[in-house]
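Below are my notes, in numbered points, to read alongside the model.

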Amino acid sequence: TRAVTMRCSIDPPIAVETDRADETASATSHAYRGDEELLCRLLVNLLDNAIKHAPSGSTVDLHLISDAQGHRLLVTDRGAGIPPEARTHLFERFYRADAAHARDAASATGGAGLGLAIARWVAEAHGGSLTIADSRPGRTVFEAWLPRTSAPSLDFPVVV
């Protein structure tokens with residue numbers, strides 16, 4: 001069994017023990033109008049990918065940063081990194097970086113090659129983006145950016 005630890009952080013932090021007025025103000029700074037199911041899919045795809053490629057015993061970091069313009073979600077793993085020649089293709093449907101990622105029940109990293117393509121589509125459908133912020137041996141960071149207001153053509157409920 002692989003043991004991968006997940007560490008989550010939020011900036012600015014959400015107050016836990018406060019009076020009602022402070023709690024509402026803090027929660028509002030992280031509120032987002034979007035499709036909850038699609039946003040969950042984006043998050044699950046990024047985390048699934050990071051966990052699959054993280055070495056046993058390592059940590060996957062999830063960091064949410066909110067400001068006046070929007071929300072940045074950073075997912076970092078401590079895997080081998082993504083070869084430069086593969087980076088331009090990572091968000092293409094059915095693409096896998098190498099034969100080791102083949103869809104095979106025996107492969108720990110097997111899949112259909114759709115996760116990152118779907119995650120990018122979700123970010124773009126919300127007026128945002130999904131990119132590789134950094135990749136080198138021992139560190140790969142995917143960054144999803146979602147604007148404070150989602151794409152104007154979509155009418156999403158608020159997700160907190």
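1. For the wording, buried means under 20% relative accessible area, exposed means over 50%, and partly exposed lies in between (1.4 Å probe, protein chains only). The side chain of Lys-52 meets that of Asp-48 in a salt bridge, 3.1 Å from N to O. A salt bridge here is a side-chain nitrogen of Lys or Arg within 4 Å of a carboxyl oxygen of Asp or Glu. Both residues sit in helix H2 (residues 36-53), 4 residues apart, about one turn of the helix. Asp-48 is partly exposed too, with a relative accessible area of 37%.

2. A word on ground rules before going further. This is a predicted model, in which local features need pLDDT of at least 70 and side-chain atom pairs count only at pLDDT 80 or more, while totals for chains, interfaces and linings use all residues. Residues are numbered from 1 along each chain as its sequence is written, and side-chain values use heavy atoms, with hydrogens and water left out.

3. Now the overall layout. The chain has 4 helices and 7 strands, and from the N terminus on they run β-α-β-α-β-β-α-α-β-β-β. Helices (H or I, at least four residues) and strands (E, at least two) are DSSP runs, numbered from the N terminus. Of the 160 residues in the chain, 36% are buried. Among contacts between residues at least 6 apart in sequence, 64% join residues at least 24 apart; a contact means heavy atoms within 4.5 Å. The chain exposes about 9200 Å², with carbon and sulfur atoms supplying 56% of it; accessible areas come from the Shrake-Rupley method with a 1.4 Å probe, and for residues only the protein chains shown count as cover.

4. Please keep an eye on confidence. pLDDT is the predictor's confidence in each residue, from 0 to 100. Its mean over the chain is 79, and 69% of the residues reach 70 or more. Among the elements, helix H1 (residues 20-30) has the lowest mean pLDDT (52), and S6 the highest (96). Over residues 22-26 the value is below 50, and this stretch has 4 contacts in the model beyond near neighbours in sequence. Residues 99-109 also stay under 50, and for them the model has 19 contacts beyond four places in sequence.

5. How many salt bridges does a search of the whole structure find? There are 6. One of them joins the side chains of Asp-61 and Arg-7, at 2.6 Å from N to O. This pair links distant parts of the chain, with Asp-61 in strand S3 (residues 59-66) and Arg-7 in strand S1 (residues 5-11), 54 residues apart. Asp-61 is buried, at a relative accessible area of 14%, whereas Arg-7 counts as partly exposed at 45%. Arg-7, Asp-61 and Arg-78 are linked in a network of salt bridges.

6. Another salt bridge worth a look is the one between Arg-136 and Asp-134, whose closest N and O atoms are 2.6 Å apart. Arg-136 is partly exposed, with a relative accessible area of 43%.

7. Glu-143 lies in strand S6 (residues 139-147). Its side chain is joined to that of Arg-72 by a polar contact of 3.4 Å. A polar contact is a pair of N or O atoms within 3.5 Å; within protein, one must be able to donate a hydrogen and the other to accept it, and residues adjacent in sequence count only if both atoms are side-chain atoms. Leaving out residues up to four places away in sequence, Glu-143 touches several residues, including Leu-73, Ser-129 and Thr-131.

8. Helix H4 (residues 115-125) has Leu-116, Ala-117, Ala-119, Val-122, Ala-123 and Ala-125 buried. The cover over the buried residues of H4 includes H2, strand S5 (129-136) and S6. After H4 comes Gly-127, with a positive phi near 80°. Over in helix H2, Asn-49 counts as buried at 19% relative accessibility, and Asn-49 touches Leu-116 and Phe-142, not counting residues up to four places away in sequence.

9. Finally, the cysteines. A search of the whole structure finds 0 disulfides, a disulfide being a pair of cysteine sulfur atoms within 2.5 Å. Cys-8 is exposed, with a relative accessible area of 55%, and Cys-40 is partly exposed, at 42%.
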